[in-house]
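Dear colleague,

I am handing over the structure below, and my notes on it follow. Please keep it open while you read.

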Amino acid sequence: MNDATSNTVMRSGHHGMALPMTAAGKERRAPASEATKIHSKDVCVFYGQKQALFNVALDIPERQVTALIGPSGCGKSTYLRCLNRMNDVIEGCRVTGTIALDGENIYETKLDVVMLRARIGMVFQKPNPFPKSIYDNVAYGPRIHGMSQSKADLDEIVHGSLERAGLWNEVKDRLDSPGTGLSGGQQQRLCIARAIAVSPEVILMDEPCSALDPIATAKIEELIDELRENYTIIIVTHSMQQAARVSQKTAFFHLGNLVEWGETEQIFTSPRDERTQGYITGRFG
Amino acid sequence: MTDFTMPSIPGSATARLRKPDLSPGRISRRYAAERRFRLYGVLAVGLAIVMLALLLISIVSKGYSAFMQTRINLDITFDAQELDPQNTRDPAVLKAANYTPPIRKALSAQFPDVTERTDRRRLYDIISNGADRQLMKMVLANPAIIGTTQSVSLLAGDDFDMLNKGRISRNVPEAERVLSDKQLGWFDKLQSGGRVHYAFNLDFLTSGDSREPEQAGILGALIGSLLTMITTIVLALPLGVMSAIYLEEFAPKNRITDIIEVNINNLAAVPSIVFGLLGLAVFLGFFGLPRSAPLVGGLVLSLMTLPTVIIATRTALKAVPPSIREAAYGIGASQLQVVLHHVLPLATPGIMTGAIIGLARALGESAPLLMIGMVAFIVDVPRSIVDPSTVLPVQVYLWADSPERAFIERTSAGIMVLLVFLILMNAAAIFVRRRFERRW
């Protein structure tokens, strides 16, 4: 089964599949145990006149960790931000191609971007808790999406989210203190708790550990491994060790192109492309 | 790497290690420069403080005496024959009665030897010619005093008030003095008779303007300013903040919004009198709103304040870190939710600062208000935003323009009230700003 999806040649096979995916198509893929959560094809991104991403075609498997690696400016963050349409916010940014979440094109005009972002959560490079209390940070998403009927309900969501983010024991006595008063690692886990509080299906992480010390990084990585059971995770990272540690799938980007993607183990042990080889062995990047 | 070569260092063969110059001379020069710079700063601040102190001292030293007033006790006989011959005690009759003779009689009783016409007229100047209204109010409040003799504390005339406050020098030759030697003598006699009082002048804070300086009060202008400011805040703040939010957060960035932005910046620099002319043409001429009304004043001042508020709000919105917006977008907040829940609260302190600056400028503005008739002489205290009224700076201007000596202290006192009003307004705004300020 590993070979089936890791093969870059297989991409053409995916292209052939009708989009948006029919229910039948989905069912047909289900037994393969690696259901595709996000299917993308011909994704091009332009910032004004400048093209940042060239015909990226990548399938993200469900309930696995997919790492996007590559040198700075290679377009991996740009690709990540396409998945929850965060690029919409950027002035002059244009995205073409197809990205389908569960077979539904997210760039369809009738799609509600707010609902999309509730399904695809995001954790940013720099911890960015709201300047509000820890409780309000986590409760904000459930509140705006009307996920709780009562205060007790909301308390439960907050508790559960902090618990799953591994932060509950550290903050349970000071839920009312500002989220910005936590340490960097705690802030990042608070951001993860905030993201999972709205029960997303996918969590996008844009270099979540780059501002953290090794101990905090280890905690986050551990957390990612646990979250994998329930969520599809896509992580952009500059650390190849981190990609190797936490991910099952790895995609290597270079100069706006998706060079190669497949099983993490395969990418790191026997890359097909010499650019991948060069990057992971540290010859450039 | 192929077309890039390291620049060759001259004499690189004998290249020596370059070290920072740590010689004492250089270092002390560096510190000296720093000390000099600080000194300039201290001097600048010091100069500003000295200027402010001079301003305050000059205003307060001239103006504090307006809060005190000379009063003269006289035994007034409320003659029933004169005030209410028919004995009706009808308020209309009592109101129409002439209360000046009782005052004159009381004065004449004090100085029976003053008989000549001109002398008597000068004698009557000792009491303010608005004092009859005081008697009328007394009688209206209590008609039973008719037929009795009461000791009443009456306002002194402005020149005698000035004399008592030491603003009119006795050493000046009589010909150059407002008050004659005789008048000085009469006043001294009253004073030695214990009839002259010097008391806190509550009337200054509780009455409207008057042609007589001793009766002129600031309340009309104060209420006028208050009403005008309220109108300005109510109009300019929501309009300005809404426009800024739309322009900054929602509007597409294109040629039209560029033009709007440039024009807003231009408007902020337009002389205020132009706004006055605009108000005159549009609000009075076209819409036919009442002249001299705080409503129109507020409209004109809000036009003037809008650009300031818009620019300050846009700056404050821009200053909100993008990471907060991203965080909110990332969990599925809509654009409106991002703005209302996150951006606006964080921008509030900045918006308040801009609003304070704009309103403080509006409060001190007089030129545009002259254009819409708020410079009129208005005695009554306005009760609504459509009553004729004036505002504090215009009142100060009117008094400064008056020839009577006693208006000098009123002018300064008016400035003091204006400054206190300004300080209170700013304090309120800072208080609001503090409440909204979030700790990061």
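Between the two chains, 17 residues of chain B are in contact with 22 residues of chain A, where contact means that the C-beta atoms of two residues, placed from the backbone, lie within 7 Å. On the side of chain B that touches chain A, α14 (322–330) and α15 (335–363) of chain B each supply at least two residues, and the largest share, 6 residues, comes from α14(B). Helices (H or I, at least four residues) and strands (E, at least two) are DSSP runs, numbered from the N terminus.

This is a predicted model, in which local features need pLDDT of at least 70 and side-chain atom pairs count only at pLDDT 80 or more, while totals for chains, interfaces and linings use all residues. Residues are numbered from 1 along each chain as its sequence is written, and chains are lettered from A and ligands numbered from 1 in the order in which they are written.

Chain A itself has 13 helices and 10 strands, and of its 285 residues 42% count as buried, that is, with 20 or more other C-beta atoms, placed from the backbone, within 10 Å of their own. Strand β10 (residues 257–263) of chain A is mostly covered, with 5 of its 7 residues buried. Strand β9 (residues 249–254) of chain A runs antiparallel to β10(A) and is joined to it by 6 bridges, and strands pair if DSSP finds at least two bridges between them. A:A251 has A:W261 in β10(A) as its bridge partner, and in the hairpin of these strands, with 2 residues between them, A:L255 takes a positive phi near 50°.

Best regards

Note on methods:
Buried ≥ 20, exposed ≤ 12 C-beta atoms within 10 Å, placed from the backbone.
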